[in-house]
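Please keep the sequence and the model in view while working through the points.

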Amino acid sequence: MKEVLDGTPLISVRGLEKSFAGLKVLNGIDIDIKNGEIIAVIGPSGCGKSTFLRCLNCMEDPTGGSIFFDGEDIADVKVDINKHRENIGMVFQQFNLFNNKTVIDNITLAPIYCANKRLKAIKRKNFLTKLLRRPSEELILVDKDKKTIKAEAEAEARELLRFIGLEEKADAYPSTLSGGQKQRIAIARAIAMKPKVILFDEPTSALDPEMVGEVLDLMKKLADEKMTMVIVTHEMGFAREVADRILFINEGVIAEEGTPEEIFDDPKTERLKVFLSKVL
Amino acid sequence: MKAWNLFYKQFITYGGYHSVLDGLLATVEIAVFGLLIGVVIGTLIAVVKVMQKNKLIIKILEKVCDCYVAFFRGTPMVVQLLIGYFVLVPALGISLDGIVVAIIIFGLNSGAYVSEIMRAGIQSVDQGQLEAGRAVGLPYSVAMMKIVIPQSVKNILPTLGNEFIVLIKETSIVSFIAVVDITKAFRSIGDANYEYIVPYLILAAIYLVIVLGITYLIKLLERRLKRNERSA
Ligand SMILES: Nc1ncnc2c1ncn2[C@@H]1O[C@H](COP(=O)(O)OP(=O)(O)O)[C@@H](O)[C@H]1O
Ligand SMILES: [Mg+2]
């Protein structure tokens, strides 16, 4: 088993609640996710796994509780969520590749946008420094322009495509790819932002059985590189092999959590025993 | 034959073709710029309509858009032209060419119709596309502009083409505000001798050719966009 890293948690969830128009789906979730940790989330269908995952990057706005990430409570609607989402990747069950973009553009769209945004902010700051002749402020070195940003992003994207073994698909459109290829590219798109954590919502559930393996293999490669991951999955074998910790969600709360051994070999609650008897 | 000779004299010898060409240009200008303005306004309204209504300002904006759409869909375009040219422009104390007023009114009017088309187009794009854009850190506006709206435009291209055809045909009313479009140009030719058969038949033929031409171009464009999606 991988050593469990200590230090301050990357994400701290406290009392997380989520209701949809009166229907309470999450009912107080507390969890600390450490750097480099791999967490599998399991539970019966409709128990709130997706909702929990989607609250972690505020794809759904929590209706109660806090989510601390990078020193800020991102559950607070006043924080700049886009800035934090750059650091929280997400991989969807249905892939959701941008259909109007080629594979390489899918991967580079957000990195280029974000780099340009930072460039603009630096230029604005330099301009003000010069304009106001603030002697205390140093001018920030601008070593890139839009062209080099694009070229660098594309070089990195090609590197990533090599990593996932789809180099030759750079200029293809998503509609020409198989499900497994789409999901691997969706994962590459998430990695391209160099996030601190990637959230996976049943990444293999929409795949034909023969393509599940290639996606799980890629995720194992990420695990080897110590990428922090939160994975909602029905692949119990995969969860057991890769996860450091498993959360069993039931009726909107974490009903049981523990190492794969504790969860699969020695379940404590009746609910988990029933659930495991159905899926294993 | 007499009718044809009279038309020929008016059209060629007395230079009627000048005003016909100018009129054709005016017709095309009003329809093209009208549609462009309409697409911009329509897209903005459509985005307001599909936004989550969790802020007061968006609720207010939506009400404003509703009133706008109701007005431009609920009154005849001629009336809108008349109000624009004879009421608003004098009231604002500015002087605007009839053709500029026509372009603005056609743009505003078509914005109301395009907003409905565009909204259907946006809703036809899978919600996951927007979510994936937001998930990588793009702001709502950027995700809409770069991902959702390009895909919705592809879906609504035929309907948008129809709107353009409607605009082309509706330009025939701009003579109400003293703009010489192609209809007005042919009417003047007929008025010269009270001989209308030839000019009006030719006028109809020209509209028909324009409309068929646009229909063909849209088909071509659609096919190109589709091919773009499939190419490996
Ligand atoms: N956008 C939504 N609006 C209303 N109800 C929702 C929405 N999303 C999820 N739910 C409800 O929340 C519950 C949990 O859903 P979900 O988190 O998708 O479950 P899981 O992923 O564990 O199968 C379900 O009862 C579902 O119907
Ligand atoms: Mg789910």
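1. A helix here is a DSSP run of H or I with at least four residues, and helices are numbered from the N terminus. In this predicted model, I104(B) belongs to helix α5 of chain B.

2. Is I104(B) buried or exposed? Its relative accessible area is 36%. Buried means under 20% and exposed means over 50%, so I104(B) counts as partly exposed.

3. I104(B) is one of the residues of a nonpolar surface patch, among them also F71(B), V79(B), F86(B), L96(B) and V100(B). Together, the residues of the patch have about 910 Å² of accessible area. Two elements of chain B, α4 (77-92) and α5 (98-124), each give two or more residues to the patch. The most come from α4(B), which supplies 6 residues.

4. Attention now turns to chain A. Strand β7 of chain A, residues 197-201, is mostly covered, with 5 of its 5 residues buried. In a regular strand, side chains alternate between the two faces of the sheet. On one side of β7(A) lie V197(A), L199(A) and D201(A), and on the other I198(A) and F200(A); all are buried.

5. Which strands pair with β7(A)? Strand β6 of chain A (residues 88-91) runs parallel to β7(A) and is joined to it by 4 bridges; M90(A) stands opposite L199(A). Strand β8 of chain A (residues 228-232) is also parallel to β7(A), with 5 bridges between them, and T228(A) is the bridge partner of V197(A). From β7(A) the chain passes through helix α6 of chain A (residues 209-224) to β8(A), forming a right-handed β-α-β crossover.

Terms used:
Residues are numbered from 1 along each chain as its sequence is written. Chains are lettered from A and ligands numbered from 1 in the order in which they are written. This is a predicted model: local features need pLDDT of at least 70, side-chain atom pairs count only at pLDDT 80 or more; totals for chains, interfaces and linings use all residues. Side-chain values use heavy atoms; hydrogens and water are left out. Patches are made of residues with over 30% relative accessible area and no salt bridge: like charges are joined within 9 Å, nonpolar side chains (Val, Leu, Ile, Met, Phe, Trp, Tyr) within 5 Å. Accessible areas come from the Shrake-Rupley method with a 1.4 Å probe; for residues, only the protein chains shown count as cover. A salt bridge is a side-chain nitrogen of Lys or Arg within 4 Å of a carboxyl oxygen of Asp or Glu. Buried means under 20% relative accessible area, exposed over 50%, partly exposed in between (1.4 Å probe, protein chains only). Two strands pair if DSSP finds at least two bridges between them. A crossover is right-handed if, with the strands pointing away from the viewer, the path from the first strand over the helix to the second runs clockwise.
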